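Look over the structure shown here before reading on. The paragraphs below take it one part at a time.

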Amino acid sequence: MKMQKNVVTLAALMTFAASASVVQADNGLEGYPEKTLNYIVAFGPGGGNNLMSRTLVDIINQYDLYPGQDIVVENRAGGSGAIGFGHVSRQEGNPYFATSTSGNFISTPLISSTDWDYSDFTPIGLLASDAMFLVVSTDSDYQTVDDFVEAATSGRILVGGTGAAGPSRVVASLFAEEAGIEFEYLPAGTGGEMVTALTSGSVHAIVANPSEVSGQMEAGNFRALAYSDQERSSVYPDIPTFSELGYDFTFSLPRGVVMPANLPDGVQAWWVDALQQAVETPEWNAYLETNSLSGNYIWGDEFGSYLESTSDVYEGILREIGAIN
Amino acid sequence: MLADMIANLGFGLSVAITPTNLLFLMIGAFVGMIVGLFPGFGPAAGIAVLIPMTFGLEPTTAIIMLAGIYYGSMYGGTITSILINTPGESATVASTLDGYPLAQKGRAGPALVMQAIASFVGGTIGVILICALAPTLAGFAASFGPSEYFLIIFFGLLLLTTMMGENKLNGIVSALLGFVIAMVGVDVMSGVQRFTFGSSELIGGIYFVPVAIGLFGIGELLYCVYIGQHKKEVKRVKLSFTSSDFWPDKKDYTESKYTVLRGSIIGFIAGVLPGSGATIGSILGYSIEKKIAKDPEKFGKGEMRGLVAPEAANNAASSGAMVPLLSLGIPGSGATAVLLGAFMMWGLQPGPMLIINDPGFVWGLIASMYLGNMVLILLSIAAIPLFVKFLDIPYVMVLPIVVLLCVIGTYTLHFSMVETWMLLVAGLLGFCMKLYGYSPAATVLALVLGSMAEENLLQSLIISGGSPSIFFERPISLLLSLIVITVIVLPVVLRMIFGKRYEKKAL
């Protein structure tokens, strides 16, 4: 069994090694990579960003997508990502630094005075998106989003989410605006607190990350009414998106890879190609499935424009709720 | 129910008792003790650092080992609390109150043996209660909303006053300092930054670990230098299993027999409630023990019950915290949050379905905790002479080593130089607090509880639309409110009835 696995790995390894060398020739990137890559995780071990970064680096190593050199993963946590992302942004022109984006990559520069924002990086690719569910208890009267909207027009409704200015708040605000309703938003400190706010009957609904509620949904305690991504989640195909229900907005957090700005020619294309191979692996798909993420990939400069529009939407909401001036 | 419990535990044992699982259980327990021993290097950091080493193991084996680090550190953490008055983490702060005075009185041996026994009993009772109550308690924890949490935390803050020592005013000032530090960072409710002075390092707030290590570890060292302890002749502490003063005497056992039971049950309940955990458990254990004692004046001066109560409580709480983790996927502390991350890393989806989808994993883990506690009591008693050797090392050598460990421990938390500076500033502050009779324990615990109290109070008031009626309308809230009111009003009423005589006794 083990032997067989090794053979398969070896075969895969050879295939990818071959394709990687083709890429080098295509881009005229003679000799890249010739040094160790520093993969910076802007958060501590244990969180979602760390998990994604380490999974990705493991896949890159396993399939030899960064041939001949090592990758060192380093956690540089602090200031909600400000420290780690700032460190990478200051490596301008250095093709041996990379980092993973997550919600804070967009929000931290908006709410605090960092010396960087999304535009100070070279976008490589969006590898997963982290959208939000609108969730109610199974014993709740609201069967559909329309039921919920109707209740909100006639009475006082409380919606919980994580953080005062986090992605939960953004989705809740966009939804309220589109549906023309008002509700009170209850910010919880952590995903666990938010879940107990719903189980204890303190709020009528929550806006939650799928991974925070998937256990409760599977147990039949929670029911998701809608999903905030552009398309339905590949893990939860039965749950409609807000836009197909007639509430015309989408919002998801970019889980992608960026590198410092002003890289030598061809490095961006080299990495787009390498990561396109990485997301095709069964390991990456298993990661998406376990963490209830959807894999709608966006590459290169297109990912850059995606980051820009996400940041604009975010900034608008933060202004609206008074978190920034 | 009893039959179910035995069947579940038996099934768990059949999973846990394989040579590989037992080996990694022992490694985890041993590493946990060492992790607990280093000031500042708490279970959360220990588990996080060792996660990469478990790649390649079976998920159940890996989690058994990581859980071993988690509850093993509760045993190790107290050793530094007793020997050098430096709790490695907030859950062992309460153990310094009587543990360190015991060591100063030359009773380090009995203190270490009794803490190992208390930890074992606490941990074991905790595991038995998990088996018996896991399904029921999961429902109980799920019905706790912000108003219930606020009242529980408020109760914890009230009990803080019992551990402030002689000067209550200084104690209150110390606690207020903790609240001030807790205010720094982004306000969870409004998203507005408070006291960050535009620094991105402070957005996430001031983490309590550097503050705690500074106030206790560095502060204590500076104070010892100030009083000239480094110049004193080292008095050799001779401890061996055969010497008569190594083992606790009969009085220690008989006096603390019910203490250990009370501590375990209080700790377990605190552990089950997410967000309170081992820290509140150990404070509650200590405070309640002091409250009901006939001789509360002995506490804080080297009273064995004052060590046994928080030790039984924090170990029972570390078991209790596994209940919301395993049944709801809700971590109650930093360490269980890292464990939760590890579950997900192995594709185990935490939540109500975990026990149904992966019963082998859940019951195997619970059974391994039972075995782990047995390993740990043997390990910790057998290694006591080794730990006591710490006291034989001349102070001039201990000092730089402990400073080094504190600095390394703090830096490796987040690789942050700012936090390392915070440690040193907190160290100077801790020295001054000790010099002028303030209470570093009150500061650290107020720092931990203050932000939780604020958040839950504001959430409760948002839910109720600003009306305090929320604390009386929900049944569990009503019960908790009545307890809080009783605790505040009862001493006043008693004093009015019995006059000064009661007041004297209560203090």
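Begin with helix α3 of chain A. Its buried residues are A:Ala82, A:Ile83, A:Gly84, A:Phe85, A:Gly86, A:Val88 and A:Ser89. A residue is buried if 20 or more other C-beta atoms lie within 10 Å of its own, exposed if 12 or fewer, and partly exposed in between, with C-beta atoms placed from the backbone. Helices (H or I, at least four residues) and strands (E, at least two) are DSSP runs, numbered from the N terminus. In α3 (residues 82-89) of chain A, 7 of the 8 residues are buried, so this helix is largely enclosed by the rest of the structure.

A word on the source. This is a predicted model, in which local features need pLDDT of at least 70 and side-chain atom pairs count only at pLDDT 80 or more, while totals for chains, interfaces and linings use all residues. Residues are numbered from 1 along each chain as its sequence is written, and chains are lettered from A and ligands numbered from 1 in the order in which they are written.

What do the buried residues of α3(A) pack against? They meet β1 (37-41), β3 (97-100), α4 (103-111), β4 (121-131) and β10 (252-260) of chain A. Contact here means that the C-beta atoms of two residues, placed from the backbone, lie within 7 Å.

Four of those elements are strands of one sheet. That open sheet has 6 strands in the order β2-β1-β3-β10-β4-β11 (chain A), and its pairing is mixed. Two strands pair if DSSP finds at least two bridges between them. The edges belong to β2 (71-75) and β11 (298-299) of chain A; each has a single partner strand, so one side of each is left without a neighbour in the sheet. Helix α9 (residues 267-278) of chain A packs on this sheet and touches β4, β10 and β11 of chain A. The direction of α9 makes about 25° with that of β4(A). Axes are lines fitted to C-alpha atoms, for helices over the stretch in contact, and angles run from 0 to 180 degrees between N-to-C directions. Within the sheet, β4(A) and β10(A) run antiparallel, joined by 9 bridges. A:Leu126 stands opposite A:Gly256 in β10(A).

Now turn to another sheet. It is open, with 5 strands in the order β7-β6-β8-β5-β9 (chain A) and mixed pairing. Neighbouring strands of this sheet are turned by 30° against each other on average, direction ignored. Strand β5 (residues 133-137) of chain A has 4 of its 5 residues buried, so it is largely enclosed by the rest of the structure. Antiparallel to β5(A) runs β8 (residues 205-208) of chain A, joined by 3 bridges. There A:Val135 stands opposite A:Ile206. Strand β9 (residues 222-227) of chain A is also antiparallel to β5(A), with 5 bridges. A:Leu134 stands opposite A:Ala226 in β9(A).

Where do nonpolar residues gather? The largest nonpolar core has 235 residues. Such a core is a set of buried Ala, Val, Leu, Ile, Met, Phe, Trp, Tyr and Cys residues joined through C-beta atoms within 7 Å. Among those with the most contacts inside it are A:Leu134, A:Val135, A:Ile206 and B:Leu66. Helix α4 (residues 59-84) of chain B gives the most to this core, with 15 residues. Domain 1 (2-130 + 252-320) and domain 2 (133-245) of chain A both give residues to the core, so it lies between them. These bounds come from an automatic or database domain assignment.
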